Amino acid sequence: MTEQKHTQPAPLFGKENLRWMLIGGVIVALGFFLMSGGKSPDPNVFDTNLVYSTTRITVAPIVIVLGLLVEIYAIFKKPKAAH
């Protein structure tokens, strides 16, 4: 009967990949933070400038998509070979 050695599989992502994933997650979180808010001081008044501001409607979704693109880059980036 032969003994089988159980070796640990190589990690799926390297440190650099994880760093890019963290950066992408922070960018996505920043986009959601930019999208939040819009509360009117008076609940009986609907102010379209607060709800439909350029930051919430245009900038925040662009920031979120950029963060998702960074996440895709982090996933597909080949880890450097260990020496």
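Helices here are DSSP runs of H or I of at least four residues, strands are runs of E of at least two, and both get numbered from the N terminus. With that settled, I looked up K78 and found it in the segment after α3.

Ground rules, before I go on. I'm working from a predicted model, where local features need pLDDT of at least 70, side-chain atom pairs count only at pLDDT 80 or more, and totals for chains, interfaces and linings use all residues. Residues are numbered from 1 along each chain as its sequence is written, and side-chain values use heavy atoms, with hydrogens and water left out.

**Overall layout**

I counted three helices and zero strands in the protein. Reading from the N terminus, the order is α-α-α. Next I checked the radius of gyration, taken over C-alpha atoms, against the globule rule of 2.2 Å times the number of residues to the power 0.38. The protein has 22 Å, whereas a compact globule of 83 residues would come in near 12 Å. Along the principal axes, the C-alpha atoms fill a box of roughly 80 × 25 × 15 Å.

For burial I used relative accessible area with a 1.4 Å probe, protein chains only: buried is under 20%, exposed is over 50%, and partly exposed is in between. On that scale 18% of the 83 residues count as buried.

**α1 against α3**

How do α1 and α3 run relative to each other? I fitted axes as lines to C-alpha atoms over the stretch in contact, with angles from 0 to 180 degrees between N-to-C directions. The axes of α1 and α3 (residues 54-76) come within 8 Å and cross at roughly 170°. So I noted the two helices as roughly antiparallel (angles over 145 degrees get that label; under 35 is roughly parallel, 65 to 115 roughly perpendicular, the rest oblique).

By class, the α1 contact with α3 has 20 nonpolar, six polar and two charged residues. Nonpolar here covers Ala, Val, Leu, Ile, Met, Phe, Trp, Tyr, Cys and Pro, charged covers Asp, Glu, Lys and Arg, and the others, Gly among them, are polar.

L30 sits in helix α1, and at 45% relative accessibility L30 is partly exposed. I put its C-alpha 11 Å from that of L66, 36 residues apart along the chain.

**Aromatic pairs**

A pair of aromatic rings is described by the distance of the centres and the angle of the planes. Rings of Phe, Tyr and Trp (its six-membered ring) pair if their centres lie within 6.5 Å; planes under 30 degrees apart are stacked, over 60 edge-to-face, the rest tilted. That rule gave me two aromatic pairs.

W20 and Y73 have ring centres 5.3 Å apart and planes at 85°, so I logged the pair as edge-to-face. The pair links distant parts of the chain, with W20 in helix α1 and Y73 in helix α3, 53 residues apart. W20 is partly exposed at 30%, and Y73 is partly exposed too, at 42%.

F46 and Y52 are also edge-to-face, 6.3 Å centre to centre with 70° between the planes. F46 is exposed at 56%, as is Y52 at 53%.

**Outside the helices**

P11 lies in the segment before α1 (15-35) and is exposed at 66%. Its C-alpha is 9.6 Å from that of P79, though 68 residues separate them in sequence.

Back to K78: it is exposed, at 70%. K78 and I57 are 21 residues apart along the chain, with 35 Å between their C-alpha atoms.
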